Structures are given as C-alpha cells and as structure tokens.
Amino acid sequence: MTNELSERYPCLVACKGDIIEAQKIIIDCYEKGGKLILCGNGGSAADCEHIAGELMKGFLKKRPLSDEEKQKMKKEYPGLSDETLSLLQQGLPAVSLPSMSGFNSAVCNDIGSDLCYAQGVFALGKEIDVLFAISTSGNSVNVCIAAEVAKGKGMKVVSLTGKSGGKLKEISDVSVCVPETETYKIQELHLPVYHYICAAVEKHFFGI
C-alpha cells in the first residue's frame, strides 16, 4: 500500500518510514484497547473530524458485526432490531477534540485558549492512548501544549506537520513532516497520508 502512495505522491517517499511508524503506533494503541485523540486548528481541525470518521465506521470496507456480537447485544437488550444490528459497523474509537465546541469554549473562557486541547487530553487520555496532533507549521501553541500534556500522561504522540516540523516534531514520538512550506500545500499532502494510515489500520483489524 505504501508503494501505491509513493507512486501517486512521489514527494512523500521521504516520509515513508515515518508514515509506517505512525501506522504501527496507532495499531499498537488499538490492540491494547486504547483510543486515538485528535487535535488541530482550522483546516487541521476538519482533518481531525475526517480521520475520526474513517476510523469509527467503515472506510474501504463495511465492517459488519459478527453473528456472535449480534447475539450478545440481542441478549443484553432483546429489543434491538435485526435491521439495526445488520446496519451497525465495527468501529475504532477516535475522539476529535475540535468537535467538542461546548467544552472547548468553556476551557477558553475559564482556563485559557492555549489549553483548550490540553485539558481535553488530560481528562480523556490514558497511557495506552495516542494523541494524533496536526499542525501545518508545527508550532500551534494549543496543539504543542496538548502534545506535552499527552507525553506527561505517558501517551504516544503522532503528528502531521509541514517540512520543518516545528516544535511539535521535537515533542512527538513520530512526526510525518510533508515536504511543503505553504499551508494549503501542506494540507493537500496531509490528506493522502492520513487516508493511507486509516486504510492500513482498517486492513490490519478488519481485512479488505
């Protein structure tokens, strides 16, 4: 799959090792029963929601529930319809912090905007979880502080940045620094990177 990514986006060949390492960290997190927590600003906030959507339901695959799972749920609550159970899909837990608008506004008002994501990481994060931090500059203050808090909780940090990596690269366990410097060009390369990671994680757990 990395070969296809490299063929379609030759400039990402330089990031291949980091992309594969990011994939491994996320797979390890899910194998241990952890979750992915995502943060970013602006277009990167939208990317957080996009990634969560690919992980929490089928991406390249429908991921139907097994008969065993259906029977277990039906046993717990017989009122569950067969139609509902047939439509539900297997999901991998992913929390997009930018989506928590009420909570984020409360933190901005009561604590300070620089800690809006850090507080979410502190409240939700466990040692087995991974923070997926996205910043085109690598220097977004609220994202960097969130990464520092994640490391303080013993979590792994995977980041997506631009060419320099910024401060975020220094904090992260692995940072995929795509080879562009302009914001929109960085964002254009972030999408195929996280699509590849989501597809690889899905293949590992559900096959394709």
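These questions and answers cover a helix pair and a cavity in a predicted model.

Trainee: At roughly what angle do the axes of helix 7 and helix 8 cross?
Mentor: Helix 7 spans residues 116-124, and helix 8 spans residues 141-152. Their axes come within 7 Å. They cross at roughly 20 degrees.

Trainee: Is helix 7 roughly parallel or roughly antiparallel to helix 8?
Mentor: The crossing angle is roughly 20 degrees. Angles under 35 degrees count as roughly parallel. Helix 7 is therefore, relative to helix 8, roughly parallel.

Trainee: Is the crossing of helix 7 and helix 8 left-handed or right-handed?
Mentor: Take the pair whose axes come within 7 Å. The crossing of helix 7 and helix 8 is right-handed.

Trainee: How many charged residues does the contact of helix 7 with helix 8 have?
Mentor: Helix 7 brings Cys116, Tyr117, Ala118, Val121 and Phe122. Helix 8 brings Asn142, Val143, Ile145, Ala146, Val149 and Ala150. By class, that contact has 10 nonpolar residues, 1 polar, and charged residues: none.

Trainee: Which helix gives the largest share of the lining of the largest cavity?
Mentor: The structure holds 1 cavity of 30 Å³ or more. Thr2, Leu5, Ser6, Leu12, Val13, Lys16 and Ile19 line the largest cavity. Two elements give two or more residues to that lining, helix 1 (2-8) and helix 2 (16-31). The largest share, 3 residues, comes from helix 1.

Trainee: About how much space lies in the largest cavity?
Mentor: By class, its lining has 4 nonpolar, 2 polar and 1 charged residues. The space in the largest cavity is about 40 Å³.

How values were computed:
Residues numbered from 1 in each chain as written. Predicted model: local features only at pLDDT ≥ 70, side-chain atom pairs only at ≥ 80, totals over all residues. Heavy atoms only, no water. Axes fitted to C-alpha atoms, helices over the stretch in contact; angles between N-to-C directions. Helix = DSSP H or I, 4+ residues; strand = E, 2+ residues; numbered from the N terminus. Parallel < 35°, antiparallel > 145°, perpendicular 65-115°, else oblique. Left-handed = near helix turned anticlockwise from the far one by under 90°. Contact = heavy atoms within 4.5 Å. Nonpolar A, V, L, I, M, F, W, Y, C, P; charged D, E, K, R; others polar. 1 Å grid on protein atoms, 1.4 Å probe; cavity = no way out; pocket = protein on both sides within 12 Å on 5 of 7 lines; lining within 4 Å. Points joined across faces, edges and corners; volume = space filled by probe spheres on them.
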